[in-house]
Amino acid sequence: MDLTVACNPSCTAVYRRPAPRLQLALQKSSLKCRRKTTSELQTPAGFTAQAGNSHSPSIPTHKVTVHDRQRGVVHEFFVPEDQYILHTAESQNISLPFACRHGCCTSCAVRVKSGQLRQPEALGISAELKSKGYALLCVGFPSSDLEVETQDEDEVYWLQFGRYFARGPVERDDYALELAMGDE
């Protein structure tokens, strides 16, 4: 008898034990969960699929070119329209800058050189910056072949939030810092 038990919304455990022993088994052992995600990473046709990855031929795939300015490298890879660019790059062993993975910071910010992408969950980039060609790879979906260039995280953060928090870059005040440290 198989019994599937949900550990939490993203995790399930399948037990193959007779029903009378199930209670005892659950009490004696910790639940071993197999993580399920709502969006499986996929590798497009023409690439060697990694374990568990497959691509539906009905979903359009686009070539994405990322000019990584910080590392001096250019990456080219294919991304299905229904997959995040960052996740698909990682599934192909391509390392790109990131931090939060939720579209809230500017670590994975890029400037679009050509092509289009959708980023409905990009909270870390204002509509104004989006209109100037900025995007976030962690929550970006390609809509066409795409060429982007990584940006300096601090520069994009300043463009996004700087005018709200300060009047220019913060100057270091060693005397004030010394006074503050003396109070502790």
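Reader: To begin with a detail, which residue lies over the face of Phe98?
Author: That residue is Arg101, at 4.0 Å from the ring centre. Please keep in mind that this is a predicted model.

Reader: And how many aromatic pairs does a search of the whole structure find?
Author: The search finds 1 aromatic pair.

Reader: Let us step back. How many helices and strands does the chain have?
Author: There are 5 helices and 10 strands in the chain. Of its 184 residues, 35% are buried.

Reader: Now the largest nonpolar core. Which of its residues touch the most other members?
Author: Those are Val64, Phe77, Ile85, Leu96, Leu136 and Leu137, out of 27 residues in this core. The elements that give two or more residues to the core include helix H2 (85-91), together with strands such as S4 (61-68) and S5 (73-80).

Reader: What is Ile85 in contact with, leaving aside its neighbours within four places in sequence?
Author: With that exclusion, Ile85 is in contact with Val64, Phe77, Val79, Leu137, Gly140, Phe141, Pro142 and Leu146.

Reader: Where is Leu96 placed, and is it buried or exposed?
Author: Leu96 is in the loop between H2 and S6. Leu96 counts as buried because its relative accessible area is 3%, below the 20% cut-off.

Reader: Which residues is Leu96 in contact with, again leaving aside neighbours within four places?
Author: Leu96 is in contact with Val66, Arg71, His75, Phe77, Leu86, Ala89 and Leu137. As for Asp68, its C-alpha is 7.6 Å from that of Leu96, while the two residues are 28 apart in sequence.

Reader: A change of topic: how many disulfides does a search of the whole structure find?
Author: The search finds 0 disulfides. Cys104, for instance, is in no disulfide, and its nearest cysteine sulfur, that of Cys100, is 5.0 Å away.

Reader: Why is Cys138 in no disulfide?
Author: The nearest cysteine sulfur to that of Cys138 belongs to Cys108 and is 3.6 Å away.

How values were computed. Residues numbered from 1 in each chain as written. Predicted model: local features only at pLDDT ≥ 70, side-chain atom pairs only at ≥ 80, totals over all residues. Heavy atoms only, no water. Core = buried A, V, L, I, M, F, W, Y, C linked by side-chain atoms within 4.5 Å. Buried < 20%, exposed > 50% of the residue type's maximum accessible area, 1.4 Å probe, protein only. Helix = DSSP H or I, 4+ residues; strand = E, 2+ residues; numbered from the N terminus. Contact = heavy atoms within 4.5 Å. Disulfide = S-S within 2.5 Å. Phe/Tyr/Trp six-rings, centres within 6.5 Å; stacked < 30°, edge-to-face > 60°. Lys NZ or Arg CZ within 6 Å of the ring centre and 35° of its normal.
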